[in-house]
Amino acid sequence: RGDASMGMWRLPLLLLSATGSLAINAGGKSVPRLWRHPIASAAAAPLTAPTAAEKKAKRLHVRIDDVWYDLTNWRAAHPAGTHWIDAYANADATEVMHGFHSGMARGMIERLPRSREPPTDVAPPAKSSYAFRALRERLEKEGWYKLDPIGEVRKILPWFCMTALGIALSRMGTPLATLGAVCTLGIGNTLAGWLAHDLVHSRSRFAAIVRPFAELVGGMSRTWWSMKHNMHHALTNEVGYDEDIALEPFIYLWRPDPSNDNKWVRRIQALYWPLPFSTLFLYWRFDSIKYVIRHKKWTQLALLAAHWAAFLSVVPASTLFLSIWFSGFLTATIVTATHQSEEMFMGEDLRKYDFVEAQFRSTRNARLDNPFSQILWGGMQWQLEHHLFPTMPRYRYPAVAEELKAFAKEQGLDYRVSGEIEILKQNINKLSEIAKAEPQPGNPSAEPMFKQL
């Protein structure tokens, strides 16, 4: 116990220094079920050459900046996986292309093969989409995406202090100190998750260097998380695409088909929701290990092993696991609160709206009235700003929120914001409403078609 203060600072400093010297691992690839072709057996009908109409029907066209590109033969070369291309077949991907990619990647758009016979039955982008593109271009030119060193330090300090304090408390051995360690390490883990989240989204050189922070400190594979999370960003609350709303059979967010219903669980979901929410980080850590092994990402596996070895060397296992459980509850509550009670897109509403309007319809910001909540939420209170400008540093969001409010007023869109307690009540009310509702025959299940595992 005499060297508790020494251990308090050792691990955060070690982890911070280690992230700067590690290499970056590129994203993996996955083949979604929509494009898996069955292998014909020898006894199958004789093969015939496809007709011109069949060839045209199978072409995969994607629209970017009002230009149609034929990505049929290019989709397998997409660094982040084929599922991204398949999800935007015969659709507009302009906002996703510009929102998630680096300047270098965006500069390669013109090199993509253009469509000879593009679709003729796809509606043009909405007026609000063109207005948003002009807004985004202006913000880029004005430097809103540039990192600020002071802003970056202010993001890191709360994580460092909470983690260091948690380590010190965990080494004291008293029940009260252990409880304090669980809480502070849990908060530190949530803050580490926001930092890793920022690093994976950012396209800055600094983020590229320290991105291994995701595995070494956050305990999760950056590639697995990026694949999962970015689909949520691009197609928020779109049933069958957004894995973040695939919570069945533990939580139901819309009236289920009778064949998918677990009415005994559903009827009490408004009471027991904290239990499944608290497993978030344990579940994500398990999925991360499965993913990196399956995709042979050995560098990330080594970093995950180092994460567990480092923390277990200074924190008792029971304290560490309880803190991860507590952190899962905090993080899950925050990340679901801003979408869960908003519009869910299925049936006739599935992929109905342009990206910009869909984000306004599926997202609600949280108004925070105290400094602790502002730190704990990690910028996620500005959820709409983050979804529309995912690579922008989070400390720019308060100012860009004023831009978006003006934009929403001009375009007739609903800029939604509720107080911290109010938004949590809205979510619990939504769970209660679905718990009491009758099943709806024909409603889809929550199973995502582009699941990473």
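Asn-90 is partly exposed, with a relative accessible area of 37% (under 20% is buried, over 50% exposed and in between partly exposed, for a 1.4 Å probe and protein chains only). The model is predicted, and local features need pLDDT of at least 70 and side-chain atom pairs pLDDT 80 or more, while totals for chains, interfaces and linings use all residues. Residues are numbered from 1 along each chain as its sequence is written, and side-chain values use heavy atoms, without hydrogens and water.

Asn-90 sits in the loop between helix H3 and strand S3, the latter being residues 91–92 (helices, H or I of at least four residues, and strands, E of at least two, are DSSP runs numbered from the N terminus). Although Asn-90 is not a glycine, its phi is positive, at about 60 degrees. Most residues other than glycine have a negative phi, and most peptide bonds are trans. Asp-66 also has a positive phi without being a glycine, with a value near 65 degrees. The loop that holds Asp-66 runs between strand S1 and strand S2 (67–70). With a relative accessible area of 42%, Asp-66 counts as partly exposed.

Which two residues does a cis peptide bond join? They are Glu-248 and Pro-249, and omega there is about 5 degrees. Pro-249 belongs to the loop between H11 and helix H12 (263–266). Asn-260 is placed in the loop between H11 and H12 as well, and is partly exposed at 29% relative accessibility. From Pro-249 to Asn-260 there are 11 residues in sequence, and their C-alpha atoms are 7.9 Å apart in space.

The next topic is open space. The largest pocket has a volume of about 1500 Å³. On a 1 Å grid over the protein atoms alone, a pocket is an open set of points with protein on both sides within 12 Å along at least five of seven lines, a cavity is a set where a 1.4 Å probe fits but cannot get out, and lining residues have an atom within 4 Å of a point. Points are joined across faces, edges and corners, and a volume is the space filled by probe spheres set on them.

The largest pocket is lined by 45 residues, of which Phe-100, His-101, Ser-102, Ala-105 and Arg-203 are the closest to its centre. Two or more lining residues come from each of strand S1 (61–64) and helices H3 (82–87), H4 (94–100), H5 (103–106), H9 (205–210) and H11 (222–234). The most come from H11, which gives five residues. By class, the lining of the largest pocket has 25 nonpolar, 13 polar and seven charged residues (Ala, Val, Leu, Ile, Met, Phe, Trp, Tyr, Cys and Pro are nonpolar, Asp, Glu, Lys and Arg charged, and the others, Gly among them, polar).

The second largest pocket holds about 1100 Å³ of space. Its lining has 49 residues, and the closest to its centre are Lys-228, Leu-247, Leu-280, Tyr-283 and Trp-284. H11 is among the elements that give two or more residues to this lining, together with H8 (175–201), H14 (274–278), H15 (280–294), H17 (317–337) and H20 (383–388). Here H15 gives the most, with six residues. The lining of the second largest pocket divides into 24 nonpolar, 15 polar and 10 charged residues.

How many cavities of 30 Å³ or more does the structure hold? There is one. The largest cavity contains about 110 Å³ of space. Leu-185, Gly-188, Asn-189, Val-217 and Phe-311 are the closest to its centre among the 13 residues that line it. Helix H7 (149–170), H8, H16 and H17 each give two or more residues to the lining of the largest cavity. H8 gives the most, with four residues. Seven nonpolar, five polar and one charged residues make up this lining.

Helix H16 comprises 17 residues, 298–314, and at 1.5 Å a residue should span 24 Å, which agrees with the 25 Å between its end C-alpha atoms (the expected span is 1.5 Å times one less than the number of residues). Its buried residues are Gln-300, Leu-303, Leu-304, His-307, Trp-308, Ala-310, Phe-311 and Val-314. Seen down the axis of H16, the buried residues fall within an arc of 165 degrees, so they line one face of the helix (the arc is that of the directions from the axis to the C-beta atoms).
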